[in-house]
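This briefing is for a reader who is new to the structure. Please look at the sequence and the model first, then read on.

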Amino acid sequence: MQKNFKNIEYLKNGNSKQQKSYMILKEINIFNALKEFYPILVGTIPIGIDIDKSDLDIVCKINHQNLKEFKEIVIKKFSKFKNFNLKDTFIDNHVLVINFFVKDIEIEIYASQLDSILTNGYKHMIVEERILKIANKSFKKEIIRLKKAGMKTEPAFARVLKLKGNPYNELLKFESLDDKEIEKILLKLEYIKKRV
């Protein structure tokens with residue numbers, strides 16, 4: 001069964017980094033402060049493939065009507081934290097990126113006009129979690145090894161899965177595969193759990 005990633009309570013019973021993340025997120029009350037912007041924690045920490053320098057990535061949904069309010073809340077609640085930075089970008093559409101540090105863990109908020117569950121950050125995490133559940137421990141170890149060597153998460157998955165082309169796009173193709181199809185791919189690569 002898939003975790004309910006919309007509620008950070010699952011972090012409480014996770015590994016030490018997940019538990020520490022839970023304490024920090026609760027302490028700064030970030031999910032409550034941003035609740036009307038549909039915040040979801042995404043990335044490597046929720047699925048347990050983080051490394052020492054992994055940050056806490058949060059996706060939010062904003063629109064033209066609540067953009068000003070979102071900025072005001074973020075500045076009021078979080079600008080006191082170390083290395084606070086708010087950046088407006090206009091690549092495909094209006095995106096706000098906010099960074100700051102709490103207890104040596106970087107928090108990055110990525111706010112766009114997309115529904116939080118439609119962001120690539122969320123979709124990649126869901127695909128990666130599905131693959132990790134089907135794969136054996138060696139697969140996870142190899143992902144973490146590549147990340148420690150400096151590789152980003154999606155390129156690391158693409159390398160281990162021997163995917164060609166843009167790793168971010170190729171990984172999203174797994175959304176349309178069922179578990180049996182993912183199992184077949186992992187079996188070929190010898191990353192499948194042994195049947196008991």
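Is tyrosine 38 buried or exposed? Tyrosine 38 counts as exposed, at 54% relative accessibility; buried means under 20% relative accessible area, exposed over 50%, and partly exposed in between (1.4 Å probe, protein chains only). This is a predicted model, in which local features need pLDDT of at least 70 and side-chain atom pairs count only at pLDDT 80 or more, while totals for chains, interfaces and linings use all residues. Residues are numbered from 1 along each chain as its sequence is written, and side-chain values use heavy atoms, with hydrogens and water left out.

**Positive phi angles**

- Tyrosine 38 has a phi near 50 degrees, a positive value in a residue other than glycine.
- Tyrosine 38 sits in the loop between α2 and β1 (40-42); helices (H or I, at least four residues) and strands (E, at least two) are DSSP runs, numbered from the N terminus.
- Asparagine 29, also not a glycine, has a positive phi of about 55 degrees.
- The loop between α1 (16-27) and α2 (30-33) holds asparagine 29, which is partly exposed with a relative accessible area of 39%.

**The loop between β5 and α4**

- Threonine 119 lies in the loop between β5 (105-112) and α4 (120-134), and leucine 114 is found in that loop too.
- Threonine 119 is buried, its relative accessible area being 2%.
- Leaving aside residues up to four places away in sequence, threonine 119 touches Val59, Ser112 and Leu114; contact means heavy atoms within 4.5 Å.
- Leucine 114 is partly exposed, with a relative accessible area of 39%.

**Surface patches**

- Leu114, Ile117 and Leu118 make a nonpolar surface patch of about 240 Å².
- Lys137, Lys140, Lys141 and Lys193 gather in a surface patch of positive charge.
- Patches are made of residues with over 30% relative accessible area and no salt bridge; like charges are joined within 9 Å, and nonpolar side chains (Val, Leu, Ile, Met, Phe, Trp, Tyr) within 5 Å.
- A salt bridge is a side-chain nitrogen of Lys or Arg within 4 Å of a carboxyl oxygen of Asp or Glu.
- Lysine 193 is placed in the segment after α8 and counts as partly exposed at 45% relative accessibility.

**Helix α8**

- Lysine 180 is found in helix α8 (residues 179-188) and counts as exposed, at 58% relative accessibility.
- From C-alpha to C-alpha, lysine 180 and isoleucine 134 are 9.3 Å apart in space, and they are 46 residues apart in sequence.

Note on methods: Areas by Shrake-Rupley, 256 points an atom, 1.4 Å probe, with all protein chains shown as cover. Lys, Arg positive; Asp, Glu negative; His and termini not counted. Charge placed at Lys NZ, Arg CZ, Asp CG, Glu CD.
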